Amino acid sequence: MSQTRNDSPLRKARRGRQERRFEQKSSPAGWISLAVTVVGGLLLGAGIYSQWVADPALSYASWIVGAGALVAASTIVWGTFGAPAVRVGDAGIGLERPGQPLRRIAWSKVRSVSVDRSDLVVAGESDKLSIRLKDHASAAAWIVKEAAARVPKTVRVHDDQKALLPQTAEADGELLTVEKEQVTGAKCCASGKVITFEKDARLCPRCGEVYHVSSVPVRCLTCEADLTSLKA
Ligand SMILES: [Zn+2]
């Protein structure tokens with residue numbers, strides 16, 4: 001019998017840690033921004049051509065270069081190519097930031113998941129991620145669904161708010177393997193021992209809590225998942 005329908009967090013752990021990546025659905029603002037950048041680039045190109053390549057140079061060419069550069073620069077500074085991509089899965093909730101490391105909150109560190117006006121807010125121990133429902137309805141639906149399965153006590157989303165979220169589907173987002181997570185330097189949740197070697201770390205497959213291989217409890221101290229398979 002096929003077991004593909006069994007997607008419990010523990011079973012997932014055996015086939016590697018995974019997460020879904022959600023890009024913002026293309027928005028009018030994103031398209032306008034892209035169009036303006038293209039126009040800026042074309043102006044810049046036309047200006048450079050007429051000033052330095054065309055013979056004789058056109059008298060207004062330097063104005064075209066200036067205008068093109070200004071338009072291109074303004075979209076780089078103010079342009080919005082869309083909200084940052086969101087990741088949801090075994091490693092918790094992640095927010096991509098251009099040119100910077102991913103901002104992540106592991107499920108074990110999530111303190112609350114709630115809706116604040118137009119945002120889904122995931123509050124961690126020391127960090128908070130806000131995701132605009134308008135930009136990321138599907139990702140928000142997955143966050144609420146996964147939080148309810150992994151750390152149900154943290155979910156503070158009312159039923160009428162849940163009703164506004166789209167249905168989740170297996171085909172949502174792009175399924176990725178979780179990149180190596182930084183576990184060295186973390187403290188074992190059971191013994192307080194600092195993880196010095198990556199190979200000594202064991203992560204709870206449901207909430208991502210970190211344990212030292214020598215002190216894995218039978219049940220996760222954070223989410224109560226059965227950890228006997230990690231002890232072996
Ligand atoms: Zn756990």
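Is Glu170 buried or exposed? I looked this up in the predicted model and found that Glu170, at 54% relative accessibility, counts as exposed.

**Entry: the partner of Glu170.** I then followed the side chain of Glu170 to that of Arg20, which it meets in a salt bridge at 3.1 Å, N to O. Because Glu170 sits in the loop between helix H5 (159–162) and strand E9 (174–177) while Arg20 belongs to strand E1, the pair ties together parts that are 150 residues apart in sequence. I noted that Arg20, at 7% relative accessibility, counts as buried.

**Entry: Glu19 and Arg87.** I next checked Glu19, whose side chain meets that of Arg87 in a salt bridge of 3.0 Å, N to O. Glu19 lies in strand E1 (residues 18–22) and Arg87 in strand E2 (residues 86–89), so this pair joins parts of the sequence 68 residues apart. Glu19 counts as buried at 1% relative accessibility, and Arg87 is buried as well, with a relative accessible area of 8%. Both residues belong to a network of salt bridges that also links Arg21, Glu23, Glu96, Arg104 and Glu179. For the structure I recorded 18 salt bridges.

**Entry: Lys199 and Asp200.** I also looked up the salt bridge between the side chains of Lys199 and Asp200, at 3.6 Å, N to O; here Lys199 counts as exposed at 62% relative accessibility, whereas Asp200 is buried at 15%.

**Entry: the zinc ion.** I listed the protein donors of the zinc ion as the SG atoms of Cys204, Cys207, Cys220 and Cys223, which lie 2.2 to 2.3 Å from the ion. The arrangement is tetrahedral because the four donor atoms subtend angles of 103 to 113 degrees around the zinc ion. For comparison, I kept in mind that the ideal angle for four tetrahedral donors is 109.5 degrees. The donor residues follow the spacing C-x2-C-x12-C-x2-C in sequence. Within this set, Cys207 is in the loop between strand E10 (201–203) and strand E11 (210–212), and Cys220, 13 residues away, is in the loop between E11 and helix H6 (228–231); both cysteines, Cys207 and Cys220, are buried.

**Entry: a surface patch.** I found that Ile48, Tyr49, Trp52 and Val53 form a nonpolar patch on the surface, with about 470 Å² of accessible area together. Of these, I placed Val53 in helix H2 (residues 28–53) and noted that Val53 is exposed, with a relative accessible area of 54%.

**Entry: overall figures.** I counted six helices and eleven strands in the protein, and buried residues make up 38% of its 232 residues.

Key. Residues numbered from 1 in each chain as written. Predicted model: local features only at pLDDT ≥ 70, side-chain atom pairs only at ≥ 80, totals over all residues. Heavy atoms only, no water. Patch = residues over 30% accessible without salt bridge, like charges linked within 9 Å, V, L, I, M, F, W, Y side chains within 5 Å. Areas by Shrake-Rupley, 256 points an atom, 1.4 Å probe, with all protein chains shown as cover. Salt bridge = Lys/Arg side-chain N within 4 Å of Asp/Glu carboxyl O. Helix = DSSP H or I, 4+ residues; strand = E, 2+ residues; numbered from the N terminus. Buried < 20%, exposed > 50% of the residue type's maximum accessible area, 1.4 Å probe, protein only. Donors = N, O, S within 2.8 Å, 3.2 Å for Na, K, Ca; no water. Tetrahedral: all angles 85-135°; square planar, octahedral: opposite > 155°, others 65-115°.
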